Amino acid sequence: MTSDAPLVLVTGATGYIGGRLVPELLAAGYRVRVLARHPERLAARTWAADVDVVAGDAQERVDLRRALDGVDVAYYLIHALGAGSGFADTDRRTAEGFAQAAAEAGLRRVVYLGGLSPDTADLSPHLRSRREVEEILLDGEVPTVALRAAVILGSGSASFEMMRYLTERLPVMVAPRWIDNRIQPIAVRDVLRYLVGAAEIPDDVSRGFDIGGPDVLTYRRMMQRYAAVAGLRPRVIRAVPVLTPRLASLWVGLVTPVPPAIARPLVGSLVHEVVARDHDIAQHVPDPPEGLVGFDDAVALALARIRDLDVRTSWNSASTRGAPSDPLPDDPDWAGGSLLVDDRSREVDTTPGSLWSVIEGIGGAHGWYSWRLGWVARGVLDRLFGGPGLRRGRRHPHRLEPGDALDWWRVEKVVPGRLLRLRAEMRLPGLAWLELSVEDGPGEAPVFRQRAIFAPRGLPGQLYWWAISPFHGIVFGGMQRNIARAAHEHAAAEAPR
């Protein structure tokens with residue numbers, strides 16, 4: 001990469017596609033800048049030191065001016081999926097502001113990744129919003145390439161994970177009748193190839209392009225083909241006419257890690273047949289010599305990534321607008337009022353390394369070393385109110401990085417060997433954090449400190465804290481004792497015989 005190479009801006013770099021696009025652009029020789037509301041979540045990415053990071057929000061004009069200064073091509077990978085009923089308004093305002101800022105900055109090209117949809121006015125809210133954003137960008141002064149994709153097949157994709165968990169967990173299922181609608185899925189590596197190639201499309205081209213893989217399948221057939229690739233028995237699927245998209249999304253939310261707020265627009269999109277109308281994109285980005293990746297190969301590649309613990313980005317990597325965020329509890333400018341804290345410390349007869357191994361491995365399949373019934377009940381309650389619950393799990397069984405989703409928490413800060421800070425993304429009347437730290441003790445044994453921190457929002461927040469306070473001894477006290485015991489067992493197992 002040279003200093004005179006074109007500079008491209010990637011928005012949504014903490015998300016599923018954006019996080020994978022950045023290294024592809026670097027490999028193609030571009031200089032890359034990213035705009036991120038939470039730059040700290042990019043620190044652990046292998047490419048973080050090779051890009052220019054601008055901290056800011058795409059809804060703020062000042063931040064956009066800084067991010068777009070000197071940029072040749074901008075990738076618009078922003079959408080408010082999962083942000084609630086007002087996501088379409090948010091998407092519209094953000095796209096309008098971005099189109100205007102791109103024109104003022106004199107960009108050569110904008111590239112947008114939207115949704116494949118049929119030629120009908122009766123679209124699902126999700127696809128209608130994607131089409132509206134596309135039209136806003138195409139109507140702007142900067143030439144725009146809008147790529148339209150249906151189901152994206154890749155480890156960590158929300159659509160893929162929804163299909164994977166439904167197929168694996170339900171050998172027999174009842175499904176809506178539109179499970180037999182046709183869909184043209186596409187492998188994530190082909191999506192990335194089109195995105196990178198779109199930067200070089202001639203300046204006089206400003207239009208949308210349908211992109212899809214070589215297979216056109218029904219969703220029923222996709223699940224059966226997934227089962228075959230994964231080595232599962234054929235699934236028994238019965239279609240019924242009474243399962244509405246809303247009911248289906250609630251059902252998906254209970255069975256899969258994808259919460260109803262995200263499952264609802266995805267399920268709603270399946271009401272339509274989404275098949276590419278043309279393959280004009282090949283005139284500008286030719287197919288590879290070996291051809292596009294087929295469905296079975298895409299599934300096999302994704303499962304290999306999952307098996308090898310090499311899932312680089314996931315649908316839950318992206319920060320959700322409206323989720324609890326800054327200010328941090330240790331911010332000197334904290335203005336959120338008084339903080340309520342449950343602070344517990346104990347010396348642990350183990351090594352600091354063993355204690356940290358247990359702390360960093362918390363959550364997911366390892367559980368929370370506490371009152372299991374209480375955690376499960378709280379997770380189910382959170383799912384019923386549209387939160388993530390406990391089903392998001394964790395990206396890697398042993399390692400955590402800032403920005404990782406961890407059940408209903410988000411990893412906010414990691415100081416290896418010393419501190420893990422988690423921020424709650426569950427439905428709460430306030431902001432909540434959980435800090436687990438390894439501190440120096442008076443002797444050789446480390447001290448395990450555990451802090452549950454809550455910033456209440458008004459009277460409901462105060463009442464919530466005091467209502468659950470009687471259970472702190474069971475939940476947090478039990479967690480501290482069990483983590484200490486697990487750390488001691490870990491040290492004993494690691495000791496030379």
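Q: What is the volume of the largest cavity?
A: Rolling a probe the size of a water molecule over the atoms shows where empty space is left. The largest cavity has a volume of about 140 Å³ (a cavity is a set of points on a 1 Å grid over the protein atoms alone where a 1.4 Å probe fits but cannot get out, and lining residues have an atom within 4 Å of a point; volume is the space filled by probe spheres set on the points, joined across faces, edges and corners). This is a predicted model, in which local features need pLDDT of at least 70 and side-chain atom pairs pLDDT 80 or more, while totals for chains, interfaces and linings use all residues. Residues are numbered from 1 along each chain as its sequence is written, and side-chain values use heavy atoms, without hydrogens and water.

Q: How far apart are the closest N and O atoms of Asp63 and Arg66?
A: A salt bridge places a side-chain nitrogen of Lys or Arg within 4 Å of a carboxyl oxygen of Asp or Glu. For Asp63 and Arg66 the distance is 3.0 Å. Asp63 is buried at 16% relative accessible area, whereas Arg66 is partly exposed at 43% (buried is under 20%, exposed over 50%, partly exposed in between, with a 1.4 Å probe and protein chains only).

Methods
On a 1 Å grid over the protein atoms alone, a cavity is a set of points where a 1.4 Å probe fits but cannot get out, and a pocket is an open set with protein on both sides within 12 Å along at least five of seven lines; lining residues have an atom within 4 Å of a point.
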